[in-house]
Amino acid sequence: MIQRAHVLVCMGAGCVSAGSELVKKRLEEKIKEKELDVEVRIIGTGCMGPCERGPIVLVYPEGAFYQKVGLSDVDLIVEEHLLKGRVVKELLAKDEAAVRVSKEEIPFFAKQEKIVLANCGVIDPENIEEYIAANGYEALARVLERMTPDEVISMMEKSNLRGRGGAGFPTGLKWRFVRSAKGEPKYVVCNGDEGDPGAFMDRAILEGDPHAVLEGMLIAAYAVGSKQGYIYVRAEYPLAIKRLQIAMEQARKYGFLGKNILDTGFSFDVELRIGAGAFVCGEETALLASIEGRRGMPRSKPPFPATHGLWGKPTLINNVETYANVRHIILNGPEWFRSFGTDSSSGTKVFALSGKVKNTGLIEVPMGITLREVVFDIGGGIINDGKFKAAQIGGPSGGCLTERHLDLPLTYESVKEAGAIVGSGGLIILDENTCMVELARYFLEFCQLESCGKCIPCRVGTKRMLEILERITQGAGKMEDINELERLGNWVQQASLCGLGQTAPNPVLSTVRYFREEYEAHVIQKKCPAKVCVSLIKYLILVEKCIGCGRCAKVCPVKAISGAIRKPHFINSEICVKCGECKKVCPVNAVIID
Ligand SMILES: Cc1cc2nc3c(=O)[nH]c(=O)nc-3n(C[C@H](O)[C@H](O)[C@H](O)COP(=O)(O)O)c2cc1C
Ligand code: SF4
Ligand code: SF4
Ligand code: FES
């Protein structure tokens, strides 16, 4: 039966944590109560993009894109929209220009190009038939029935797809290495470790379109000659794990996974491996060790996994997003794929856009888009109409791009030239209230804690660098420290065994390169220009502004504020612990940070 309306409820992890499961349940109950359950269909989907505005509910045929839907809003949607056909304006996206009804009218989506995320937020990821209806497994059928493994690899080479896990290695070439490697059996591995803080691209793909990843792996397995695959996902992603398990079970039932797939004689199956969340386990050789049941520690390369991978056998390892691109290339051709992006960086890239922009969330953009378009057109500009300061791109081992890079096209080459990396897709936007020294310290501390300790440059070098940064942010830095950071950083980059150590100094080196004056202010004037480093700031009350309401004194946890009622108050700096509670409650902004 054809339904009159489709109600899509986002069941991505962001919306689930905002309560979308309860919203969906309430919608189902309410629709039943109103006897609409025959004509209205409710579908739980993967992430739709603007996660911080969740729970998101999308109602078709009007395409009304409802945001921040609470339980009480459900009744309104059912009574007004589904019963009376009136779109509920209060729940739609609004900006200065207009109330936006559909997704297409919302600026956040306008410059996006959804290839990998085309099904996310559209189909029910727990229902294989919805995937099949969206041309799912058609690429696999085409490959198995009409193409030789060599033709598949040539097509991948022509597409110019580069690995989305960070290094941007040409995917087709990697597949060719594995195909021509000597040794049996061969393995196909999917890297879904995603350990960068703030990154959720791969999680969203696994949660929203798990079959696309399986289909990419199946095609890769046929191309390289493998019968067994592994998907490595971190334990912190329970929803992704659950949906993958459902997808694998359904794919087996429908004959897409297992023995004699689609009666072609080709067999391939996949096992899930759950990681414990160590960042270093995303590094391919550490990940393979972890799958084998050993401690997840990188080893030196060569030999590369293509020839010496799992249990010493040829192994193809690609990222989640890389695999999710494969079926689109097979179905639409390599020229089509290359029509997105630039000559050297084809296709699209998924980014987790976060930080100080008005619109945060999951975005997919053609490679070569400028940083300005991402920050101002998609991100809607800086919150509170503040000033853009920098973008941290490529996760904890990436680097920063500054105002001068706003018109830089985001490609593998141009971002590298600017001293950062595209990485796997973490993109944090910073405003003038961000201290770049503290930011570098934060990311270096992350890498230092995640260092596996196998090699000295990374284990000791990052520790020494961290100590220097701690000194500087505490006001005890010396001028020589800045040069020493650069010297040590270059040394750690060059001498470390794996990518973690080789890239850990990046945030430090790029902030010293672009924000040296901020380091100097911490060292020479003992000031933090962004007023973030606690040791270098002081809370003060402006006597001429203070109205003596006493609110600050009431909330101060250490009783550092004194003053008679309706008389100016004072902060005793000796006692103040710089928690900032007084600043938050002052009704006249009399509390300032010096
Ligand atoms: C410390 C570290 C962490 C990494 N984490 C990931 C990760 O979470 N996911 C991923 O796909 N690649 C990660 N990589 C890159 C992998 O080593 C490998 O290059 C990638 O999985 C290959 O797939 P691709 O060619 O499709 O990009 C990491 C590398 C390093 C050095
Ligand atoms: S560079 Fe760091 S993480 Fe990599 S092997 Fe050496 S100690 Fe371990
Ligand atoms: S809250 Fe503000 S106005 Fe009130 S006493 Fe404190 S500083 Fe003065
Ligand atoms: S999880 Fe719902 S929009 Fe991302």
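These legends describe close-up views of a predicted model.

**View 1. Helix α11 and the glycine that follows.**
Helix α11 covers residues 238-253, 16 residues in total. From its first C-alpha to its last it reaches 23 Å, close to the 22 Å expected at 1.5 Å a residue. Buried residues of α11 are Leu-239, Ala-240, Ile-241, Arg-243, Leu-244, Ala-247, Met-248, Gln-250 and Ala-251. In an α-helix, residues three or four places apart point the same way, because there are 3.6 residues a turn. After α11 comes Gly-255, with a positive phi near 80 degrees.

**View 2. Helix α10 against helix α11.**
Helix α10 spans residues 210-224. Its axis comes within 9 Å of the α11 axis, and the two cross at roughly 55 degrees. That angle makes α10 and α11 oblique to each other. The crossing of α10 past α11 is right-handed. On the α10 side, Pro-210, His-211 and Leu-214 make the contact. On the α11 side they meet Arg-243, Leu-244, Ala-247, Met-248, Gln-250 and Ala-251. By type, the contact residues are 6 nonpolar, 2 polar and 1 charged. Arg-243, in this contact, is also among the buried residues of α11.

**View 3. Helix α19 against helix α21.**
Helix α19 (residues 479-495) packs on helix α21 (residues 506-514) at an angle of about 140 degrees. Their axes are 9 Å apart. Oblique or antiparallel? The pair α19 and α21 counts as oblique, because roughly antiparallel is kept for angles over 145 degrees. α19 passes α21 in a left-handed crossing. From α19, the contact uses Ile-482, Leu-485, Glu-486, Gly-489, Asn-490 and Gln-493. From α21, it uses Asn-506, Val-508, Leu-509 and Val-512. These residues divide into 5 nonpolar, 4 polar and 1 charged.

**View 4. The surroundings of Phe-109.**
Phe-109 sits in helix α4, residues 107-110. Its relative accessible area is 10%, so Phe-109 is buried. Leaving aside residues up to four places away in sequence, Phe-109 touches Met-48, Pro-50, Phe-65, Lys-103 and Lys-114. Gly-379 is 270 residues from Phe-109 in sequence. In space, their C-alpha atoms are 9.7 Å apart.

**View 5. A buried lysine, Lys-30.**
Lys-30 belongs to helix α2, residues 20-33. With a relative accessible area of 6%, Lys-30 is buried. Its contacts are Asp-75, Val-78 and Glu-79, not counting residues up to four places away in sequence.

Most peptide bonds are trans. The bond from Gly-54 to Pro-55 is cis, with omega near -5 degrees. Pro-55 lies in the loop between β2 (40-45) and β3 (57-60). Tyr-60 and Pro-61 are also joined by a cis bond, with omega about 20 degrees. Pro-61 lies in the loop between β3 and β4 (64-66).

Most residues other than glycine have a negative phi. Asn-135 has a positive phi, near 65 degrees. It lies in the loop between α5 (128-133) and α6 (138-146). At 40% relative accessibility, Asn-135 is partly exposed. Asn-260 also has a positive phi, near 50 degrees. Asn-260 lies in strand β9, residues 258-261. Its relative accessible area is 36%, so Asn-260 counts as partly exposed.

Definitions and conventions. Residues numbered from 1 in each chain as written. Chains lettered and ligands numbered in written order. Predicted model: local features only at pLDDT ≥ 70, side-chain atom pairs only at ≥ 80, totals over all residues. Heavy atoms only, no water. Helix = DSSP H or I, 4+ residues; strand = E, 2+ residues; numbered from the N terminus. Expected span 1.5 Å × (residues − 1). Buried < 20%, exposed > 50% of the residue type's maximum accessible area, 1.4 Å probe, protein only. Axes fitted to C-alpha atoms, helices over the stretch in contact; angles between N-to-C directions. Parallel < 35°, antiparallel > 145°, perpendicular 65-115°, else oblique. Left-handed = near helix turned anticlockwise from the far one by under 90°. Contact = heavy atoms within 4.5 Å. Nonpolar A, V, L, I, M, F, W, Y, C, P; charged D, E, K, R; others polar.
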